[in-house]
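Take a walk through this protein chain, from its overall make-up down to single residues. Keep the sequence and the 3D view side by side.

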Amino acid sequence: MGDVAAAAGVSQQTVSRVVNNSDAVRKKTVDKVLKAMTEVGYSPNVAARSLRSGRTSAIGVLATDLSRTGELRTVQAIVDATRRSELAVVLDRLEPADDSVRSYRHAMKRMAGRVDGFIIEGLELDHPEDLEVPPGIPVVMAGSPCSRFSTVGCDQASGVRTAVNYLLALGHRTVHLVSGPDYSRQAVVRRQAWQECLETNDREIPDVIIGDWTASSGRDAARYLKDAGATAVLASNDEMAAGAVIGLLDMGVRIPDDMSVVGFDDVLGNTVWPTMTTVRQDFAAVGQRLAEELLAQLQGAPRKSVMVPAPLVIRESTAPPRH
């Protein structure tokens, strides 16, 4: 540090302030110090600085499923947002487990001391407020509002209601559902919104078809949809919707002439034929807001919950039913 100070013509205290991102140094002086660091090949001792400040300059991100496009987009947005703040990201993927609370607790204990806060992406807990976290560590969760933690979520229920009401307005008597698995909180939220919307409109509530988020489970649902005489179906994600379309087309069911199909997420909408009407889940916006909320808490801001809109994107896979 002494070499840097000599090269920049400033005190070692000024160099220390620049290293620690102090606002007390003028920009012209900061530029001189940074140039001197480059010239002498100086690299700040991050570990020592962490010991002095009690901060690690890193955040922990816990994810449950990085095999799906949406979750990867969210994590990428978190990394991009934190990079602008010069924070490192420590990523851990949790294996599915019967005791999810214990899995999250162990994951956070493994990261304790290495991160200043946590972002939990893809949390699958019925009661997230029961989650144990290290004392004094801020946590932001992706999902529905929670009494103990800041949350950022997609307004899934509103998106589902918009999709169902749209199909009913086209003239369909009811809307069938290909749901995600029972263990998924997101699938449950979408299923409840679908059922409540049909009840509000005094429409028949068909049996729910349970899928597993994959295109193959959507394709398996196609036979049931055809035999049930369905004219409109909402799938809880685009992959299952695309699988249903393939299965229906294989059986000679035309899309959208014989059946309207709506997906959820908008990750495949323009890459399938016919192009898919779907509820858009803005994964990048969710990831950015998750990072922003955690950074705000690290600066002392209060907890809050944020909902990102989920609009319906209308394309070629939906039409009025044939009479």
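Begin with how the chain is connected. Among contacts in the protein chain with a separation of 6 or more, 69% are between residues 24 or more positions apart. Keep in mind that this is a predicted model. The protein chain has 11 helices and 12 strands. Of its 323 residues, 49% are buried. The accessible surface is about 15900 Å², and carbon and sulfur atoms hold 48% of that area.

Find helix H5, residues 69-83, and helix H11, residues 283-298. Their axes come within 7 Å and cross at roughly 40°. The crossing of H5 and H11 is right-handed. On the H5 side, the contact is made by Gly70, Glu71, Arg73, Thr74, Ala77, Ile78, Ala81 and Thr82. On the H11 side, the partners are Phe283, Ala284, Val286, Gly287, Gln288, Leu290 and Ala291. Sorted by class, the contact of H5 with H11 has eight nonpolar, five polar and two charged residues.

A second pair is formed by helix H7, residues 156-170, and H8. Here the axes are 8 Å apart, and the helices pack at an angle of about 40°. That angle makes H7 oblique to H8. The crossing of H7 and H8 is right-handed. H7 brings Gln156, Ala157, Val160, Arg161, Val164, Asn165 and Leu168 to the contact. H8 meets them with Gln186, Val189, Arg190, Ala193, Trp194, Cys197 and Leu198. The residues of this contact of H7 with H8 divide into nine nonpolar, three polar and two charged.

Stay on H8 for one more residue. Helix H8 spans residues 185-200 and contains Arg191. Is Arg191 buried or exposed? Arg191 counts as buried because its relative accessibility is 19%, and the cut-off for buried is under 20%. Which residues does Arg191 touch, leaving aside those up to four places away in sequence? They are Leu177, Ser179, Gly180, Pro181, Asp182, Val208 and Ile210.

Next, look at the backbone. One joins Ile255 and Pro256, with omega about 5°. Pro256 lies in the loop between helix H10 (238-250) and strand S9 (260-265). Another cis bond runs from Trp273 to Pro274, where omega is near -10°. Pro274 sits in the loop between S9 and strand S10 (277-280).

Finally, check phi at two residues. Trp213 is not a glycine, yet its phi is positive, at about 80°. Trp213 belongs to the loop between strand S7 (209-210) and helix H9 (215-227). With a relative accessible area of 10%, Trp213 is buried. Asp265 also has a positive phi, near 120°, in a residue other than glycine. Where is Asp265 found? It is in strand S9. Asp265 is buried too, because its relative accessible area is 3%.

Definitions and conventions:
Residues are numbered from 1 along each chain as its sequence is written. This is a predicted model: local features need pLDDT of at least 70, side-chain atom pairs count only at pLDDT 80 or more; totals for chains, interfaces and linings use all residues. Side-chain values use heavy atoms; hydrogens and water are left out. Helices (H or I, at least four residues) and strands (E, at least two) are DSSP runs, numbered from the N terminus. Buried means under 20% relative accessible area, exposed over 50%, partly exposed in between (1.4 Å probe, protein chains only). Contact means heavy atoms within 4.5 Å. Accessible areas come from the Shrake-Rupley method with a 1.4 Å probe; for residues, only the protein chains shown count as cover. Axes are lines fitted to C-alpha atoms, for helices over the stretch in contact, and angles run from 0 to 180 degrees between N-to-C directions. A crossing is left-handed if the near helix is turned anticlockwise from the far one by less than a right angle, and right-handed if clockwise. Ala, Val, Leu, Ile, Met, Phe, Trp, Tyr, Cys and Pro count as nonpolar, Asp, Glu, Lys and Arg as charged, and the others, Gly among them, as polar. Angles under 35 degrees count as roughly parallel, over 145 as roughly antiparallel, 65 to 115 as roughly perpendicular and the rest as oblique.
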